[in-house]
Every structure is written in C-alpha cells, then in structure tokens.
2 protein chains.
Amino acid sequence: MANIKEVARIAGVSAATVSKYLNGVTVKEKNKESIDRAIKETNFRVNTIARSLRTNRSGTVGLLIPDLRFAFFTELVSEIENALEEHGYSAIVCDYRSDPELEEKKIRFLLDKQVDALIIAPVNTSADEGGDTDVPIIYLDQFIDGKPRDFILIDNARASAEAVSHLISMGHTRIGIINGPMSAYTARERLKGYYGAFCDAGLNVDLQYIKSGTFDMHSGYALTSELLDSEAPPTAILATNSDITTGAVIAVKERGLTIGKDVSLVGFDNLEIARVLTPKLTIVVQPIEKIARATVMTLMKRLSGGGEPGVTMLEAELVLQGSVADIRQ
Amino acid sequence: MANIKEVARIAGVSAATVSKYLNGVTVKEKNKESIDRAIKETNFRVNTIARSLRTNRSGTVGLLIPDLRFAFFTELVSEIENALEEHGYSAIVCDYRSDPELEEKKIRFLLDKQVDALIIAPVNTSADEGGDTDVPIIYLDQFIDGKPRDFILIDNARASAEAVSHLISMGHTRIGIINGPMSAYTARERLKGYYGAFCDAGLNVDLQYIKSGTFDMHSGYALTSELLDSEAPPTAILATNSDITTGAVIAVKERGLTIGKDVSLVGFDNLEIARVLTPKLTIVVQPIEKIARATVMTLMKRLSGGGEPGVTMLEAELVLQGSVADIRQ
DNA sequence: TTGTAGGCGTTATCAA
DNA sequence: TTGATAACGCCTACAA
C-alpha cells in the first residue's frame, strides 16, 4: 500500500508537493508528469483515513431512517446516496426499526463513526435527538416542534386536500382516508388536508370514514377491508402512503371490486404498483428526488457554515391516471 | 472535543494508560475510577478516525447491491447491517442500479473509503470485480465462475424443484415459470430445478410455459399476463422472486381469477403481500437472516485471517399456505 | 513553486 | 502495571 512519501520518492519531489498536486495546487508541468507516473506505478490511492484525521472531515454522512423496508424510504435513501456521492460524500445508512430508543443509540453510533453530518427521518416527533452535538442535522419527512432546525418537508396538508378535493369534484362524498398514526406529523397533516377539502366544499365530515393505523401494508389492508365491509362503504378512498396503498389495492381486488369503477382510489407515492395496474392509479406523488436534492443542498450549505436552519417545504403532485370514477349526476 | 491526552491529564495518568484501559488492558482499580470520572467529565469519545489510522482497520464494510429497491435486497441489507453491528462494524451501502460499470466504480469508491471488507451481490456474473485488491470479498446471491472465492448462496435449483414438484403432486402439469434473465445464476438455477422436477415426474416440459424477463414487478406482471391470456393458460405458476411475485398477483387478480382456485401460485420470498392475501401464498422462503449471518460470520473469519474461501450453500424452505389448488382427478 | 517540519488522536513498543 | 516515545499517512504554515 503505497503512500505519498513513496510516490514523492519515486517522482523525485517532496511529499508536500505531491499532496499539493493531489489537492489542486499548481505544480510544475514536469513534476506533474513524474508524479502521475509514480502514482500509476505504485497504484497509489490517497488514504482517506489519514486525510480525515488531518482535516477533521470524514466525508461520510449518517442517514437514519425508521425502516429500510418502507418503499418511500427505500427510494429516498437511494436518491440521497446518489446526491451525496455527487458531492464526494458517502452515507452510512442506519435503520432503527421505528424504535425511538434504537434511534438514539444509532445516533451515538453514527457520531462515534465521526460522520460530518446527520440526516434523520425521525419517528419520535416530540424528542430532542442528537441535541447535544454540533454536527449539522437535517430532519426529513417529520416536523419536530422546538428549537429552530433544518427540516425538509412536503406540504402534506395541501397534498391530501388536493386529492380529496379532486374526489369531491368527481362527485364523491363518502370518502375514506386510510391514515398512519396520529403521533406522526405527516398523518396529522394529511388528515388536516382531508378536513380542509370537505370544509372548502361545504360538506360535513363523517368520522366513520376516517381510519388511523400504522404506515404499513398490513394496516392499509385491514383498515381498507373494514371500510369496504361496512354498511355504507365509501365510494372513494385516499391511501396516505405507499405501503398503505398496496394494502388497499389488495383489499379492493380481493372483494372482486374494480378500482376506478366500483371504488375510486387515490394512492400515495409513485410506486411500481401504481404504474402496473389497469387503470393506473391516481396518486399523490412526493417529489422524492427533489427532497433528496434539497436535503443534500441544505446539508452542503451547513457544512460550509452558511445560512440559518429553516424549513424547506416542497409540493407533492396529484397525478390523475384513471382510478377515480366520475359519479356526478 | 476531548481527546485521550485531556482525559489522561485530568485523571492524573498517562495517555497510554487511558488507551490501554479503553482497550481492555487491566488497570489499577484506582486509575480505573479516575479515568472513568475524567471520561464522564469531558464527555470523551474515542476518535475512531485516529484509531483507524493507527490500527489500519476502519471498522466499516462496503455493501454493494444491485438495487436497494428490490425487496429481497432491502431486507438482506437490513439484516446484514444488524449482524455487522453486533460485531462492531458498520456498513457503507452502495446501490449500483444493476449497472456493471457503476458496480466497478462503486467498488473503487468503497476501497477508497478504506473499508475492511466488501460484501457484493453481483449482477455481472462473468466479471472479475475487485480482483486486484486484498481486502476480503464475500459474494452473495450470484455465483461467479473463476478463482476460488467466498460465496453465500441458496440452493436455487433445489428450491424451485421442490416448489414445482409440489405443484405436480397436486395434479398440475401446465405449470408456468416467470423467471429472471438467463444471465443471472439464480435464474438459471431456478430454471434447472423446474426442469429437474418435470424430469423426476416423468413429464415433458412445454416451453411455452417458460418465461424469462427481468427480476422486477413489471416483468412479473407482463409475463404472467401473457401466460394467462394464452390459448392454454397454465393451471399453476411459479414466480421466481419477490417483485415478480407481486406482479404476478396483480395480473391474476386483475383478470378476476382467484388464486388457489382458478390459478395456483407459488411465490418467492416472504414478503408482506404473501401474508396479507387470502388465501396466503404458498412461497419459497429464502432464509434471509441465515444468509446475513453466514455472510457476516464468513467475513469475520476472513478478517481474522482464518480459513480458505469457499461456497456456503443454504436451503430455502417451501412454505405451504393455500395458494395451490388440488386438481388431482 | 517547492520543501521542511510539526501535528491531527490513537496505539504499540519497550523500558522502568 | 505504567509511561515516554515513536509512528500511522496526510495536510499546512512557513520559509526558501
């Protein structure tokens, strides 16, 4: 394993010159060549550990998410990793299985790994995680009340309001919403939007159509089944995340009902399932790539010591595709 | 940011003693106490970067997978991370989007990050990745011909043979298989098992029932649709991975067919969808946790310089649940 | 533009 | 059992 000294010796210059060359400082053309040759000859690669020790930057970012198996986070992680890498950073991804205690533990773990920053998609929206560190932290998806911090959020209320308004405009009034737990900021906001849309239309909300569970497929399946099997089943359903949407699709199909005819469905997130079905699902698409970009951009700003923490709010998009029936008289 | 020197000064001992204490060397009870106190007082945490530079071990393992969005790999990553962490290692996960070129690039990237080892789920089963490095590499899922290396595989041929034999024993002879690309070792093996089962039963294979595409939901959906819409549709289908299974389920349901009655289906991998349906899907379950454990155990052995590289073959399990109809006369 | 020298925080060696 | 010291590989004043 060659090091700079070795390269310098072979190239006939000092280690400092090699280091400078490697870091973009101008070097005599002749030296450039001999250094390049020596590097090739020795198969030299910079030792990032030594560099980190010296520069106090590890080039890694801790990425902490509730559960790698949730489709939304899987995609988000994938995008964030890519965006980070464009800036020369790599991610250490940790999954805390939606367990707040484990979440705290993993934060310690990541800080011990000398990450330069943390990106956290919190589940515990009341906690004060990583409060005592001075590495920059960007929070994703969920909002936490308290000190000013960096949040990258989507306008959940508006997104679901738009979806529900669309359903209302198509003549639906018995509209179910399959939601996550009320402890989650996103679930609360999405419910708020649901109410808002009814309000705007001058309609009353019927509480039997509001279902709150967890954000996974099983919950989506069970709650949708409940609604469909009730006395006055909804004519339309809003599923508030990708896994719930998958569960809802299965529940509907299992009853021999046709989506977009017997039951209208608006899903969340642009998952494969939405594209693969006939008709395709009308969906609320969270701009995952934009979220990733905003996250990494904000992070880079903080890492270079710029700006004040704040909330970045992105818009989701309602993509009309055909799973909503027009039942206007 | 306190360091060992600082702790040593406060505790009234030398830095060497503190270091030894931290690394499990016996220290006088009295010193132990004062060091502990100093650590607490200064909020000291070992600088892992400096430690790495000195010990030449980074404590990180590169984990390279084709696509984080494939359910099987998502779960695998999740398990491997956990297993690694139990041994004090953390993973840097890279997704190369099933692109062999990107795969090579990411290997370089990870090696530059000074990973102590690599775990690779290759897509390019003919390449010689990371061939020039001396960090241990464990290959997952796919077999690559060539020099002896460490592979953690499941007995794919046997798994699919067992599934198909089960279908045959239930009276099915028109059995479709929705497979991945023939460039993949796993797909080839699974097809081999399909042939083997027919062979054992003294039946001829009808090529029209063999469909090969990619390992994603879309392909699963499309190829299953083709089979179901053909002149003599199969009475049973084997879907050879989790995403294909999901696609197959959707295709079947969309045609108003009942799984386990009109069409029998054997899926792959223990995904939520299999548990959530009624009837539950009969599935081939890959022992993801065992794979993770075997991987990490093998890795630890190589890291401590022990043993020779070799193939670890694990068995998948056929879990009978009710999606296969008994159509014997 | 180049080189010298010192230090980042830790561990390992060796002598006490 | 402890401590002084050197070294891991790199970067960065500073001086030349």
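Helices (H or I, at least four residues) and strands (E, at least two) are DSSP runs, numbered from the N terminus. The model is a predicted one, in which local features need pLDDT of at least 70 and side-chain atom pairs count only at pLDDT 80 or more, while totals for chains, interfaces and linings use all residues. Residues are numbered from 1 along each chain as its sequence is written, and chains are lettered from A and ligands numbered from 1 in the order in which they are written.

The largest share of the surface near DNA strand C is that of α4(B), with 5 residues. A residue is near a strand if its C-beta atom, placed from the backbone, lies within 6 Å of it. There are 28 residues around DNA strand C, and A:A16, A:K28, B:N3, B:I4 and B:N47 come nearest. By class, 13 are nonpolar, 9 polar and 6 charged; Ala, Val, Leu, Ile, Met, Phe, Trp, Tyr, Cys and Pro count as nonpolar, Asp, Glu, Lys and Arg as charged, and the others, Gly among them, as polar.

Around DNA strand D there are 27 residues, of which A:N3, A:I4, B:S14, B:A16 and B:K28 come nearest. Here α2 and α4 of chain A and α2 and α4 of chain B each supply at least two residues. The surface near DNA strand D has 12 nonpolar, 9 polar and 6 charged residues.

The two protein chains also touch. Chain A gives 34 residues to the contact and chain B gives 34 residues, where two residues are in contact if their C-beta atoms, placed from the backbone, lie within 7 Å. On the side of chain A that touches chain B, at least two residues each come from α4, α5 (71–86), β2 (90–95), α9 (217–228), α10 (242–254) and α11 (272–276) of chain A. That side divides into 12 nonpolar, 12 polar and 10 charged residues.

Helix α1 (residues 4–11) of chain A has the buried residues A:I4, A:V7, A:A8 and A:A11. Buried means that 20 or more other C-beta atoms lie within 10 Å of a residue's own; exposed means 12 or fewer, and partly exposed lies in between, with C-beta atoms placed from the backbone. Seen down the axis of α1(A), these buried residues fall within an arc of 100°, so they line one face of the helix. The arc is that of the directions from the helix axis to the C-beta atoms. They pack against α2 and α3 (29–42) of chain A. Just after α1(A), A:G12 has a positive phi of about 75°.

Chain A also holds an open sheet of 6 strands in the order β2-β1-β3-β4-β5-β11, with parallel pairing. Two strands pair if DSSP finds at least two bridges between them. At the edges stand β2 and β11 (311–314) of chain A, each with a single partner strand, so one side of each is left without a neighbour in the sheet. Strand β1 (residues 60–65) of chain A pairs with β2(A) over 6 bridges in the parallel sense, and A:L64 has A:C94 in β2(A) as its bridge partner.

The loop between β2 and α6 (100–112) of chain A contains A:R97. A:R97 has a positive phi of about 50° although it is not a glycine.
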